[in-house]
Amino acid sequence: MANETIPHLTAFDGAALDAAFSALEQQARAAAAALDGEAAIEAFRLEWLGRKQGRLNDISSRWLKSAPAEAKKALGQRFNGLKTVVEELLDAATGAGPTDAALQAEALDITLPGTARLTGAEHPITRTMNEIVSVFAALGYSVGVGPEVETDYYNFESMNFPPGHPARDTQDTLVMAGQERRPQRDRLLLRTHTSPVQMRTMELQPPPVRIVIPGKVHRNDAQDATHSPIFHQVEGLCVDTNITFSDLKGTLDHAMKALFGSSVKTRFFPSFFPFTEPSADVQISCIFCGGKGCRKCKQSGWIELLGCGMVDPAVFAFAAQKQPAYDAKKISGFAFGMGVERIAMMKYGISEIGQFFAGDMRFLGQFV
Amino acid sequence: MKILTKWLRAYLPGLPVDDVRLAEDLTLRGIAVDGVYPLGEGNGSLYEMDITTNRVDAMNHYGVAREAAAIYGLKLPELAYALPQVRPAGHPFPVAIEAKDACGRFTARVLRGVTIGASRDWFAGAEVATYFELLEQKMISNAVDATNYAWLAMGQPTHAFDLDKIEGGIVVRRAKKGERLKTLDGVERALDPEDLVVADHGKALALAGVMGGWDSMITPETKNVLVEAAWFEPMAVRRTARRHGLHTDASHRFERGADFNAAPVASAMVSAILLANGGWIDGELVDVRVEDMEARTAKRPPVELQLGEIQRILGATEDAQGIAAATVEEVLRALGCKLSSRSPAAGQNAAPASWRVSLPSWRLDVEREIDLIEEVARVYGYNRFANTLPAFGAGVRALPWYEAETSMRRTLLAAGFHEAIASTFCSAAEAELTAPQPGVAPPLGNPLSEEAGVMRPSLVPGMLAMVTGNLNRDVSDVRLFELGTVFSGTLANGSVEKVEERPALAFGAAGMLPEESALRAARAMDFFDVKGMVEQLLQRFETRSVYFDRFEAEDGMTPQWLHPYRAARVVVDGLTVGWLGQLHPRQAAARKVKETVFLGELYLDRLYKLPVRRPVAREISRFQTVRRDFSLVLDKKIAWDTIDRAVAGLRMPELVDWRVREVFHDAKLGRNEYALLLGATFQAADRTLREEELRSYQERVVEAVGKVGARLRS
C-alpha cells in the first residue's frame, strides 16, 4: 500500500505549521479509529512510523530540511507532538486486541460439561474417626493406638472382666487358634473393644493422662444391616487428680455439640460396664428432628450414642501393678467409647453397615 | 423381660405417677424400659425392659417395685405369705450340703396330699391367672405355675420334686464319675465330676441351679411334693450350665448372684399356690445354711462410705447445695442399706461425714464404696450433675506416623484413588499366595467362615476382592487404596503364640485415568500410572536412594500374584518396601477378570522409619534455561535406568533436569534396537549460558550415554 504523501509546505510561520500538523493529526486519528485487526495496525504503523517511507520520516526529511533556520525549533516541537500522538494511537490500537468479529469466531459452547480431574475420597470411617479425634485433640487429648490382636489380660481381665464372668458373654470374641492350652491371661484374641489401650497407656505413663484411641475391633457377630464382625471405636481416657463425673458430663456434652452442632443436647443414663463405676450411656437429642420425635429416633427424640463412666478402682489397681501412681484414693478418671460406624451411618444417612467394607466405587465416590 | 405395671402397683399402691412417667423415671435411673404397651382399661401397661446384666435383682416385679419405691420415697411392704398350720413331722426332712463351696443355702418344704391340676384362684385378686394372662404366660399346672410365679414376682428360681421319687433325703454334691441324669428337656446327660447336682441318697435328681431331672418331676399323679428354694454359687452354676450347653432362667440368675435371703420367701410363695388346691405342710421348713457363704452374701461386713469421697468422684451438681448427707441416707436406705453414721468431730448435731453401710442381700453387685457412690448418683439422677470441664493436662501428642500417613493419604486421594477398608481376614490359600514374608498367617480358632480362616498377612487379598467386586458390578473404572494392618504369627503345635502387626498400604486400579471429559477420549491406566503414584508417595519421605527392579520369572522373586515381566520391586535405601505391577494373568483368569488390573503393596513399617520430607526453599535462578533433546538409539537390553545413571554420573550442576521425552520402536532401526528421546535442561545459577559452554555440556552427555551403549540417531 502506497503511503499518502505529505503536502508540500510553503509557509513556516506558526499558523501555517499549526494548520499543517493539525490536519495530519486528524488524518492519523481517523485512520486509527478505523483500524481493524492486526494487519491493519501493522499497515498504520508502517504508514506513519515506517523507517523508509513513513509519513513522519517524510516530514523530518522534507519539511525540516527545507525549513528556514528560525522556524526549525517550532517545527521540531510540533513534529514531536505529532509523533507522540501517533505512537499513543498505535499503542491504544494494539492494546485493544482483536475485534469482536475475530473473537466471535473463537466462541465455545460453554454449556458443555467441564473436564474433571477426579480426586479420591477419604473413607467415611476415616473421616468420622478423624473428626472425633480432632474434637478431643482440641480439648488437650493425645492420640494413642494399640494392637488388634490382644491378650485376654488386656482385653478382659485388666478391664475388670474376671475369668468366667458373665459380662464376657456380651462380647462374642474371635480367638486365635489353639489358645486353650495357654494360660488364660496370655490367650490371644481379636480385641472386642478399644478399651485395652486404656491399660496399655496407663502402664506406660503415670497420670495425668488425656488420650483418645481410634481403632478397629472385631466380634464374632453375624452380619446384618447394623452389625458387622469388623467395626471401629474411638476410646477416650482422662486421669488426673480431681477428675469428676461432672467433668465427664461436661466433656462429652461439649464433644457432642462439636460433632453434631451446638443445639444438640445430651442426657446420661445409668448403665453397666465392668471397667467403669459409675457407668453411663449417653443419648443426644435427635439430630434429624431436633428432639420432636421421628422415625430415626423411634419417636423418642433421643439417640443413644456412647458409653462412658468413671474408671473403676479395680482397673486402677491393675494399672498400679506397673505404675504405682494409679492410686484410686488419690487420682480419679473417666473413660468413654463410641462406635464410629454408628455415628458415620447417622451423619451420612447410610443404611447398611456392610457398605463400609465392600470397596464399592459408587458408594465411596459419594464422599469426595 | 416383661413387667406389668398392674403388678407393680399391687406392691406400691401409692405410686404418684402414670405408667409413661414411671417408665421414664425408671429408665433415667438405670432400670431401662424399652417400650410401654398399654393393656387396656384397668390392666395398666406392659413394660419391655432392657436391664443391664449386673442388675439381676431388678429383673422381676418386686425388684422393679423396689427401685420405684426408692425414686418416689415410698415404703415397699415386705413379701409375706400366710401358710396353713404345719403338721409336726416326726423327723425333719434330711438335707445335707456336701459341696459347701458351691451351695450356700438349701431350703426344703414337704407338702403332702396335694392335687396337681389347674391353678386355683389364689388370694383375693386371683393374681396368678390375671398376671399370667396379661404377660401371655401359659398356665400349665399349679406346680409349674407356682414356680413361674415366684420367678416372675421375685426372680428366685425354685423347684418342686415328686417327693415319692426321692430316696432318703437330699444331698447337694458334685456328680460322681460316670453318673448320668435325664434332665427335664428329655436329654440323657453324662455328668462331669465337677457338675453340681441335687441328689437323693441314691442318685442325682437335678442339675443344681440349672435344670430339674426327668424322673423326679411333678406329674398329674404326684401326691407329695418337696419344694426346693436354694442359693447356689455363681461360678459353680455357670460352669455346670456351660458344660451342658444350657442357659436357663435359673442358671441366668444364679450365675449373676441370687438373693441369699429369698429362699424361704419364695418357698412360702410356691407352697401357698400349691396348697390352694388342698394338702398340708408336713413339718417345719428345713433350712440348711453354709456359714461361710452367708458371710460372703447376706452377712457381708459393712462398707465405709465418706461424703468427701462421694464429692471427689461425682463433682458438681446443678443444685448449688450438692449431694447432702441427708440425700445419701435417703437414697441408700430406700435401696435396702442400713446406715450407721459417724458424725464429724465438730459436734453431735452436725451432719454425718461418713457412714458404715450394711449391704442388702439382694445386691451382690454392690460391695465397695464406689458401688455405693454409683447408687447415690444413679438415684439422685445423672442429669442433675453439672457439666464441667477438667483443666488441661500435658501437651498433645499425635501418633508418630500421623504426618507420614496423612501425607500419603493426600497423595493417593489427589491421584484419584478412593480409600477403602477390606476384611481383616482371608482364606489360608490367599494368605499363602500373598504373604510377603515367610511366617504364618495366624489362624483363628473360631473363624467366621473358611474364607475368613486366617488373619491377613497382606492387604492384597482384600484389595483383589474389592477390585473384582467392582468389575463384577460393571463398574469398570476402579481406583482403590487401603491403609491397614497386616499380621504374621508364630505357631507352636497348632497354637498361635505371638502375632506381629504391621501397617501396610495396598492399591488397585483398572480402567481409565481419573479424568472425566466431554471432549477428549479417556486414556486407560497403565503400569506407569501406578508406578508414578508410588514414586510420588516415596517423595513424601527423605530417602537416599529409590529404585525399581524386576526379576526373571525363574528367579522366583516376584510375588505370585504379579505378572513376572510387568512387575517391579520397590527398593528404598537398600530395603524392599513393596511391589507393584499388573495382576498375573493366571490370577486374573482364576477370578474371571478380563480387564487389566494393576495393583501393589507397600510395607509401611519400613517407610515410617524414614523422616517425612521437609520442603526447603531454594533460590530460583534468574537466568534462562536451555533445553536440548538427544535422539538415542539403544539395544533393547539397555533399560532407561542405565541411561539415567550414566547422565546422573556426570554430576553436572548446570544440567538441572533430564528425562525421557519419548520411547519409540521403529522398523528402520535394527531388530534389537529402539529409540529414545532424551530431553535435557541446562541452567546456571549465576549466569546466562554461552553457546560454547552448552556445546561442551552436550558433548559430555553424548559421551556419557555413548559409554553405556547409546548412539545418536543420525
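Predicted model: local features only at pLDDT ≥ 70, side-chain atom pairs only at ≥ 80, totals over all residues.
At what angle do helix H19 (residues 640–648) of chain B and helix H20 (residues 691–707) of chain B pack, and how many Å apart are their axes?

**Figure 1. Helix H19 of chain B packs with helix H20 of chain B.** The angle here is about 135 degrees, and the axes are 9 Å apart. Angles over 145 degrees would count as roughly antiparallel and 65 to 115 as roughly perpendicular, so H19(B) and H20(B) end up oblique to each other. As for handedness, H19(B) and H20(B) make a right-handed crossing.

**Figure 2. A close-up of the residues where H19(B) meets H20(B).** On the H19(B) side you'll find B:Ile643, B:Ala646 and B:Val647. Their partners in H20(B) are B:Val701, B:Ala704, B:Val705 and B:Lys707. Sorted by class, this contact has 6 nonpolar residues, 1 charged residue and no polar ones.

**Figure 3. Chain A, with its 12 helices and 10 strands.**

**Figure 4. Burial and contacts within chain A.** Of the 368 residues in chain A, 42% are buried. Now for the contacts in chain A with a separation of 6 or more: 67% of them are between residues 24 or more positions apart.

Note on methods
Residues numbered from 1 in each chain as written. Chains lettered and ligands numbered in written order. Axes fitted to C-alpha atoms, helices over the stretch in contact; angles between N-to-C directions. Helix = DSSP H or I, 4+ residues; strand = E, 2+ residues; numbered from the N terminus. Parallel < 35°, antiparallel > 145°, perpendicular 65-115°, else oblique. Left-handed = near helix turned anticlockwise from the far one by under 90°. Contact = placed C-beta atoms within 7 Å. Nonpolar A, V, L, I, M, F, W, Y, C, P; charged D, E, K, R; others polar. Buried ≥ 20, exposed ≤ 12 C-beta atoms within 10 Å, placed from the backbone.
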